[in-house]
Amino acid sequence: MVLTSPYSRGVRLLLSSTSRNSLFSPPLRRPSYNYNNASRILFSSAPSPATSDDYNSEPSFENRIKPRVLILGSGWGGFTLARRLDKELFDVRVISPANHFLFTPLLPSTAVGTLEFRAIQEPVRTIKGLGHYYQAKARDIDSTKQIVTCEDLYKGVRFDVEYDYLVVAAGMKSHTFNTHNIERLEGVVVFFLKHLFHARQIRNRIVECFERASNYTIPKVQRDRLLTFIVVGGGPTSCEFMAELHDFITKDVKKWYPELTKHIKLVLVEAGPGILGSFDKALSEYYLQKLKEKNIDVRLNTAVAGVDERYIEGEQITVARFADGTEINFGTMIWSAGLSPVKMISNSDFKLNRSRIVVDEYLRVPETKGRVYALGDCAASPDELPPTATVAEQQALYLADCFNKYYSAVDVTDEKNKDDEIPLPGNVTPYLMPFNALNFLNKVFCKAAPQFQYKNRGAMASMGFGGGVTDLKHTDLPSPKTTMSGKASYLVWSSTYLTKQLSLQNTILIPMYWFKAWMFGRDISRF
């Protein structure tokens, strides 16, 4: 006896009817099937499949059992806070277009292949106990209704996310100062250096320039243009990238494109009177002198007036115009000259100071009853802290302690407390020590207070393999108040950032890539 299931009977019936129609009936237009309904017919003995709403739904906000902390951003502030919040006490959720944390101090190294991109990032979803991650852009904040309106990164679909506490850690974007053609040519010949995709663009563009310039049919004016690289800005990112680019040229380009090295021109442009303005003056002058010894054309007190596209000797050329009237034909420009707010912040109802959200000494946004906080680059604190990674990290660690120790005692899920002001936190010990293993020393060297206290950990900048500067003159660390340069500084720089990695994987990969670049050279593939 042959057993037949509803599936086999349905398929047999469908095939037999199809055969009869194709053999004896005139051609028919193919109907538009609802495949979900068809599957229910053919698999009538199986349970109905889930609809799309079942996959996209999430627990009702009204039925939450833990306060929801919504974090905007996955940078130093947002990612650190999301990791440190107690998931037993809070439902922690992150909204960010970048689904990873970027270890920004090592970003210039990836732009020339000293390190690989994945070795300096940590996926957001690796945060243990994370309630949910939304890969989207926050478009609007309604602090009265406690709702953030987001836009899906792929389809542009808008949706709302409710919160009990909101932490804005959205950072800032590159500032072009409305310089002519910078935004229009961004991604073509002008490149920013703030995200991983920027570094990938730069790396591909550099290799493209050398490959095109190596073609014997290319005109001289075009070849010279392609081999001219301009870096705009005199901060640590710009200087470190220029040093990395010089290493790449002297160690790798010289090997694979020997006929091009004499045509290469490197230019560093700074509108101010010096580079590394936040460092000790002696270190800044030392770094400047080392750049000049590398035959890098450093132009101080020089602002970029615009970028033009012209035809010279029948070739289309990009030309950088400077405020002093000089011009340079170039193939690649790296723009790292300033910061400006993202649209969500500039369009918000929050009070701004120099395009940054004003916060009090507890990192609270005024007039939000202690429900909205801001930290990192996008926050303007009373003591006007610089927009650096160490500031954002320390603010996130402070805020995590406030939530875990003090704000968790307030039942904000109860509607009766909806309009109540969140009490101020108690004493919190500042995070002076840069490594988690030394956190026990914070209580020894620091005095706890309810307000956020920033502690100066010093400043470092690399100068390629074997060089760099370290400024500890104004540090709060229990160390000699001194400065370092050369190999000693490079040892401090590399060991510090290696030990600050958040995963064992990257702690292993980074020295491996350093060794590979030193021993075998950098990869010059373009893909």
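**Ground rules.** I am working with a predicted model, in which local features need pLDDT of at least 70 and side-chain atom pairs count only at pLDDT 80 or more, while totals for chains, interfaces and linings use all residues. Residues are numbered from 1 along each chain as its sequence is written, and side-chain values use heavy atoms, with hydrogens and water left out.

**The whole chain.** I found 14 helices and 26 strands in the protein chain, where helices (H or I, at least four residues) and strands (E, at least two) are DSSP runs numbered from the N terminus. The protein chain has 527 residues, of which 47% count as buried. I then turned to contacts, meaning heavy atoms within 4.5 Å: among those between residues at least 6 apart in sequence, 63% join residues at least 24 apart.

**Back to Glu62.** I placed Glu62 in the loop between helix H3 (52–56) and strand E1 (68–72). From Glu62 to Glu162 I read 100 residues in sequence, and 9.8 Å in space from C-alpha to C-alpha.

**Helices H4 and H11.** Two packed helices are described by the angle between their axes and the distance between the axes. For helix H4 (residues 76–84) and helix H11 (residues 389–405) I noted an angle of about 30° and axes 8 Å apart; the axes are lines fitted to C-alpha atoms, for helices over the stretch in contact, and angles run from 0 to 180 degrees between N-to-C directions. H4 is therefore roughly parallel to H11, since angles under 35 degrees count as roughly parallel, over 145 as roughly antiparallel, 65 to 115 as roughly perpendicular and the rest as oblique. On the H4 side, the contact includes Trp76, Leu81 and Arg84, and on the H11 side Ala389, Glu393 and Asn404 are among the residues involved. By class, I recorded 8 nonpolar, 3 polar and 2 charged residues in the contact of H4 with H11, taking Ala, Val, Leu, Ile, Met, Phe, Trp, Tyr, Cys and Pro as nonpolar, Asp, Glu, Lys and Arg as charged, and the others, Gly among them, as polar.

**Helices H6 and H8.** The axes of helix H6 (residues 196–213) and helix H8 (residues 236–256) come within 13 Å and cross at roughly 40°, which means that H6 is oblique to H8. Here I saw Ile202, Ile206 and Phe210 of H6 meeting Phe241, Leu245, Phe248, Ile249 and Val253 of H8. The contact of H6 with H8 has 8 nonpolar residues, no polar and no charged ones.

**Cysteines.** How many disulfides are there? I counted 0 disulfides, using a pair of cysteine sulfur atoms within 2.5 Å as the rule. Cys150 counts as buried because its relative accessibility is 0%, and Cys239 is buried with a relative accessible area of 0%.

**Positive phi.** Arg354, although not a glycine, has a positive phi of about 55°, and I located Arg354 in the loop between strand E20 (352–353) and strand E21 (356–358). Arg354 counts as exposed, at 71% relative accessibility. My last entry is Glu367, a residue other than glycine whose phi is near 65°, a positive value; Glu367 is in the loop between E21 and strand E22 (372–374), and is exposed with a relative accessible area of 83%.

Notes. Buried means under 20% relative accessible area, exposed over 50%, partly exposed in between (1.4 Å probe, protein chains only).
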